[in-house]
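Let us walk through this structure step by step. Keep the sequence and the model side by side as you read.

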Amino acid sequence: MASSLSLLQARRIALAAQGLDKERPTGPVTPRTVGRTFARIQLVQIDSVNVVSRSHYLPFFSRLGNYDRGILERMAGTHPRRMMEYWAHEASFIRPEHFGDLLLWQRRKWAGAAGMDPEVRAGIEARIIAVLDSGPPLTAAQLTAAIGHLEERQNDNWGWNWNAVKRVLEHLFQEGTVSAASRTTQFERRYTLTSRVLPAKGTDGVMTGGNDAEGSMVRLIDAAAQAHGIGTVRCFADYFRTPVKAAEVAVRQLVEQGRLEAVTVDGWNRQVFRHAEARLPRKVTGRALLSPFDSLVFERRRLEELFGFHYRIEIYTPQEKRRFGYYVLPFLLRDAIVARVDLKADRAGSRLLVRAAYAEPAAPADTAVELAAELQLLATWLELDDVVVEPSGDLSPALSAVLDAHSAPMLSGNSVGAP
């Protein structure tokens with residue numbers, strides 16, 4: 001008979017698996033601590049939006065607080081690499097040990113050179129590889145200049161405007177031939193040969209997953225289930241964006257191996273599995289603002305079933321149709337998501353702007369106090385001087401009052417000096 005869990009227990013398992021169940025470290029955050037956090041969550045999604053901070057930095061702030069972002073840059077740019085770029089949930093930083101497995105399952109032809117004349121593509125590929133083999137990592141623009149080959153641009157994917165070199169680069173990136181050595185300050189990839197990013201594996205010098213697609217899927221689903229703690233087949237498949245049917249086969253194997261256990265959760269009317277290494281804390285004491293691209297909120301249906309929190313990213317929604325704002329972060333307090341805030345880092349004015357703040361229906365009495373402390377911590381991490389609350393949303397008055405109460409005498413309005 002399957003073990004039975006309450007919805008609250010399932011929440012706590014999920015939060016513990018994501019490293020969000022405890023208060024943050026009180027001392028300096030070391031590279032080892034950041035590395036352990038990354039090993040726990042397995043991947044972080046990359047997105048170019050920089051309204052508050054680049055999206056891959058925020059999950060570590062949510063779990064660790066005020067840490068040095070340079071640690072991540074070193075993890076992704078020095079040997080031995082502890083993180084690298086590839087397709088997973090979306091474009092992501094992944095653990096290098098997953099790269100070979102993902103190569104067998106990520107097929108995003110829309111992002112590459114599908115439809116290009118094979119001879120044209122082969123010629124550009126050869127020239128790209130020759131340039132990268134003989135020199136340092138280069139951006140797509142630098143490679144285009146070096147090769148001197150342009151073609152009509154493709155402008156049908158989210159407004160991208162890619163020339164032939166960029167399209168072929170993305171094809172080579174998906175195939176695993178080239179990788180990102182680093183990023184520029186404008187967030188452009190610097191491409192290099194994958195054999196220079198990863199330790200040599202096999203005769204071609206590139207780490208691959210071989211032909212063991214089934215074993216690769218088992219490893220990916222096991223990693224996804226560890227990061228979830230508890231979830232459905234669809235939850236696990238969505239983490240690395242792998243096919244659901246193949247994930248179902250992997251789940252059955254993991255159940256047979258004792259890595260997963262079928263459980264029931266009150267109110268969760270789908271087949272649910274708990275990972276063998278998942279912890280169930282007696283209580284949860286964490287507090288965090290979550291990136292719109294945080295791995296806890298990847299799978300919206302799971303988020304709503306576990307936390308009763310309906311969430312949509314409204315960046316691509318026309319302004320007049322937005323409900324909560326442009327860049328809205330859920331606010332996690334203990335074992336519930338209790339509010340959401342639309343934030344913007346005003347770097348020129350050195351202010352963290354709270355464009356709107358909304359409480360959830362069952363938000364506890366200390367929501368405004370805890371959110372104010374979290375916003376002050378975020379401002380400190382972003383090296384901003386003030387937190388400014390705009391009068392939009394039902395939580396804004398209380399939040400503004402808390403911040404005013406803690407502001408220095410020389411400050412006025414809704415600002416508070418970051419501690």
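How many bridges join strand β8 to strand β9? There are 5 of them, and the two strands run antiparallel. Strand β8 covers residues 260-265, and strand β9 covers residues 268-275. One residue pairing can be picked out here. Ala262 has Phe273 of β9 as its bridge partner. Bear in mind that this is a predicted model.

These two strands belong to an open sheet. The sheet has 4 strands, in the order β1-β8-β9-β7. Its pairing is mixed. Which strands stand at the edges? They are β1 (3-5) and β7 (230-231). Each has a single partner strand, so one side of each is left without a neighbour in the sheet.

Now turn to helix α10, residues 213-228. It has 16 residues, and at 1.5 Å a residue they should span 22 Å. The end C-alpha atoms of α10 are 22 Å apart, which agrees. Is this helix mostly covered or mostly open? It is mostly covered, with 12 of its 16 residues buried. Among the buried residues are Met217, Val218, Leu220 and Ile221. Asp222 and His228 of α10 are buried too. Just after α10 comes Gly229, with a positive phi of about 80°.

Positive phi values turn up in other residues as well. Gln42 is not a glycine, yet its phi is near 75°. Gln42 sits in the loop between α2 (31-41) and β2 (43-45). Is Gln42 buried or exposed? Its relative accessibility is 2%, so Gln42 counts as buried. Arg241 is another residue of this kind. It is not a glycine, and it has a positive phi of about 55°. Arg241 lies in the loop between α11 (233-239) and α12 (244-256). Its relative accessibility is 32%, so Arg241 counts as partly exposed.

The backbone has another feature to look at. A cis peptide bond joins His79 and Pro80, with omega at about -5°. Where is Pro80? It is in the loop between α4 and β3.

At least two lining residues come from each of α4 (70-77), β3 (84-87) and β5 (178-183). By type, the lining divides into 9 nonpolar, 6 polar and 5 charged residues.

Next come the aromatic rings. A pair of such rings is described by the distance of the centres and the angle of the planes. How many aromatic pairs does a search of the whole structure find? It finds 10. Phe38 lies in helix α2 and Phe60 in helix α3 (residues 58-64), so the pair ties together parts 22 residues apart in sequence. Both rings belong to buried residues. Phe38 counts as buried because its relative accessibility is 2%. Phe60 counts as buried because its relative accessibility is 0%.

Tyr67 and Trp381 form another aromatic pair, and this one is stacked. The distance is 5.5 Å centre to centre, with 25° between the planes. Tyr67 lies in the loop between α3 and α4, and Trp381 lies in helix α14 (residues 367-381), so the pair ties together parts 314 residues apart in sequence. Tyr67 and Trp381 are both buried. Which aromatic cluster do these residues belong to? Phe38, Phe60, Phe61, Tyr67 and Trp381 form one aromatic cluster.

A last stop is Ala122, in helix α6 (residues 118-134). Its relative accessibility is 41%, so Ala122 counts as partly exposed. Ala122 and Val168 are 46 residues apart along the chain. Their C-alpha atoms are separated by 8.9 Å.

How values were computed:
Residues are numbered from 1 along each chain as its sequence is written. This is a predicted model: local features need pLDDT of at least 70, side-chain atom pairs count only at pLDDT 80 or more; totals for chains, interfaces and linings use all residues. Side-chain values use heavy atoms; hydrogens and water are left out. Ala, Val, Leu, Ile, Met, Phe, Trp, Tyr, Cys and Pro count as nonpolar, Asp, Glu, Lys and Arg as charged, and the others, Gly among them, as polar. The expected span of a helix is 1.5 Å times one less than its number of residues. Buried means under 20% relative accessible area, exposed over 50%, partly exposed in between (1.4 Å probe, protein chains only). Two strands pair if DSSP finds at least two bridges between them. Rings of Phe, Tyr and Trp (its six-membered ring) pair if their centres lie within 6.5 Å; planes under 30 degrees apart count as stacked, over 60 as edge-to-face and the rest as tilted.
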